[in-house]
Amino acid sequence: MAPLETSPLRSPPDSGAADGFDIVATYRKFLDEDPDMTMPVAAIESLVVLLSQTEPTTASELMDTLAKAVTELKKGVKNSISLSAGCDMFQRFVLRNIQEYGDWEACRRHLVKNGGLFLERAKASRYKIAELGLPFIQDDDTILIHSHSRAVTELLLLAARRHIRFRVYITESRPTGEGLSSAKTLRDNGIPARVIVDGAVGWAIQKVDKVFIGAEGVAESGGIINRIGTYQIAVLAKDSNKPLYVVAESHKFVRLFPLSPFDLPNESPNASTFTTEAEDDEIQSSPLLDFTSDNLITALITDIGVLTSSGVSEELIKMWYD
Amino acid sequence: MPEASAKPAAVPLGTQTTKAQQQKGKDKNSAGAQETKAQRKAEKAARRAAKVSELGKSSHLPQEAIAQARAQSQAKQSRAASGTSNASSVGGGSSNSVVNATVSSAISSLTAQSTAIHGSDILDKRVGLFKHLEITRRSGTADAAKDIHPVILALTLQFASYTVIGSSARCRATLRAFQTVIKDYRTPVGTTLSRNLTNHLSRQIDFLITARPLSITMGNAIRWLKQEISVVSIDVSDDQARESLIEKIETYIRDKIEVADRVIVQSAVKHIGNGDVILAFSRSAVVEQVFLEANLRGIEFSVVVVDTRPFYEGKEMVRRLARAGLKCEYVLISGLSYVLNDITSVFLGAHAVLSNGQLYSRVGTALVAMSAKRKNIPVIVCCESIKFSNRVQLDSVTFNELGSPDELMNISIDSTPKPGPLKNWRDLPNLKLLNILYDLTPPEYIKKIVTEVGSLPPSSVPVIIREYNSA
């Protein structure tokens, strides 16, 4: 992780005055520069840069600017659930702090400084989570993971460093194929792994001791939004009585409450239509996310502690409604 | 001597207290003992007969034995009243024993059939499992104490006749009534408003309870009001105190009911999409508003209203929705499984939500929720935070409300009563009717509870109670 300078501002990549500020470009640049950064963190970094550059005269003008930038960001980035989480959280954070300061300059300095703190904490959270999740991995465990999650990978790497001996099944995770990069990372660090196709989870689940899943977003009910295939794995794990742990940072808590696995903001509209002719990008237009409800999850390992599903809604309520 | 009393006549000490025992005793005892017993029996029978004839409307006396017993007890009554001595009783002793046997069987059936002034059954017609829920219900206000405000008298009758029905409606009506009570309240000499008004209100509330038990919303509102009264400062004049209390009640109604409803509607309406078929049970004011708002927004959907006897509250819901132009289907709960195949989601209202996430609502709700869950249909509950209760309850029996069993007898589908096959239920010795008003739905059947502080899973109800209702 790149060290933060004393001034918590990253120099924004070629952006001019505030009105020429391209938030989406800034956001992408941040993501590209730092592969370790998650989407919500990059979003918040870009918003902090925006803050440092704007000259609002009133608090509501600031909130307005912020809201516009957030809408633009959400529109410009596909698959933006965790991004929404980060943005909403930042807006909330700004609103809270604005009320405390009369003078805008002092307020802005405070916000920018605290924005930086927030980023620092967000980056450190993955390590905190790994420490908290360590007791859940024991010698001789067979673990199943899905797709690619940096939080889960971090946890497994820490366990390996602490000399816990375990092995990992990884799902290929079509259509993105992200499971393969997970496998590579784990194998490079000396962890024995095996990649299986998504359809083989039913075959493998009985051989597995526990399942670790990352999350794009954690919903208000304690359920999670994650890469497609997560829901299936959760149902199989529940049926075979294998514990399923979700590993996620607290800034992924999002104000959504889907009612079913497909009840997500629409990003794969084609997947609900039927045609009598084959389409070229049929596989590519498969849905990329699904929702796993909280009754299938054993516990959530987050940087604010190991929570049950109702603990998540409690945290969310405390965060958002006061 | 005829005595009109609400309770069964007090039996003097020393006599056997149950009818069966008396009957047995009758057969065993000597003539002498039989005579005194006969006299007491006669008086009792006379009292009952008198009471029964007073309440002619509620008793059914088609049987000959009854008529016969009546005639005989009246004869006895006149004999007792004329102060005939033991001698004449002895003279009539032998015939008495025959008469007594019939009289005592008549008495037992009379007792079984007679009802208390306030309309609830005594003794045999109560269902054992729910005996702890029996209350004597009020049907008139003639015996009200002098300090009960007329607006409370009116409200009590409205509650008793189910004119004002529904958790939020009752709460709102009670608070409005209290506003009037507070306006007309004058602190008696020697005490302060903050101390005395609470007692005054408590007496009004005790009277209200005689119509129907308090709803959870009313309980929460009253608790809040009493708290507000207790912190009224000594320095403030009575006029100002009253003004401010009335103002506070107005704000409370606005915030906790009206605005809360609007927020819930905004939130819940997001779950209605084009082409949806939504199931609603009975009548809930909030759910109705959600549908009307969705209709206003131009969403194309239709509603299936499931209704139950004896109140047929769903009819009013259908009437209002249809008037707004919504496509509605109406079905009784017996037809539930038939309509469930096409349902997209279920919207339910609540009387209360308990601290363990259980939903306490109109009887039949649990059935609807369970059937929906079986078919993987999401169940959404809309309720204001004022309906949250700290209570924990594991079944529908420990706390509930009983309605009058005679309401089940009426099979009319409109306002003119039409007695059905059960109209003589009181004559049938082993038949009891149970009219229960609420039931408990376990949290696993509910997907989401929409309140004005946000949408939450049922497991998070204690959080809301802790954070928001800590008044």
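**Where chain A meets chain B**

A: Between chain A and chain B there are four residue pairs in polar contact, counting pairs in which both residues have a pLDDT of 80 or more; a polar contact is a pair of N or O atoms within 3.5 Å, where within protein one must be able to donate a hydrogen and the other to accept it, and residues adjacent in sequence count only if both atoms are side-chain atoms. On the side of chain A that touches chain B, the residues divide into four nonpolar, three polar and four charged, where Ala, Val, Leu, Ile, Met, Phe, Trp, Tyr, Cys and Pro count as nonpolar, Asp, Glu, Lys and Arg as charged, and the others, Gly among them, as polar.

This is a predicted model, in which local features need pLDDT of at least 70 and side-chain atom pairs count only at pLDDT 80 or more, while totals for chains, interfaces and linings use all residues. Residues are numbered from 1 along each chain as its sequence is written, chains are lettered from A and ligands numbered from 1 in the order in which they are written, and side-chain values use heavy atoms, with hydrogens and water left out.

The contact (heavy atoms within 4.5 Å) draws on eleven residues of chain A and 17 residues of chain B. The size of an interface is often given as the accessible area lost when the parts come together. Here the buried area, meaning the accessible area (1.4 Å probe) that two parts lose on being put together, summed over both, is about 1200 Å² between chain A and chain B, and carbon and sulfur atoms give 63% of it.

One salt bridge is counted between chain A and chain B, the term standing for a side-chain nitrogen of Lys or Arg within 4 Å of a carboxyl oxygen of Asp or Glu. B:R466 forms a salt bridge with A:E314, and their closest N and O atoms lie 2.4 Å apart.

As for confidence, the model scores ipTM 0.73 and pTM 0.74. The pLDDT, which is the predictor's confidence in each residue from 0 to 100, has a mean of 84 in chain A, where 91% of the residues reach 70 or more. Chain B averages 80, with 73% of its residues scoring at least 70. Over residues 1–29 of chain B the pLDDT is below 50, and it stays under 50 over residues 1–18 of chain A as well. Where pLDDT is low, the predicted coordinates should not be read in detail.
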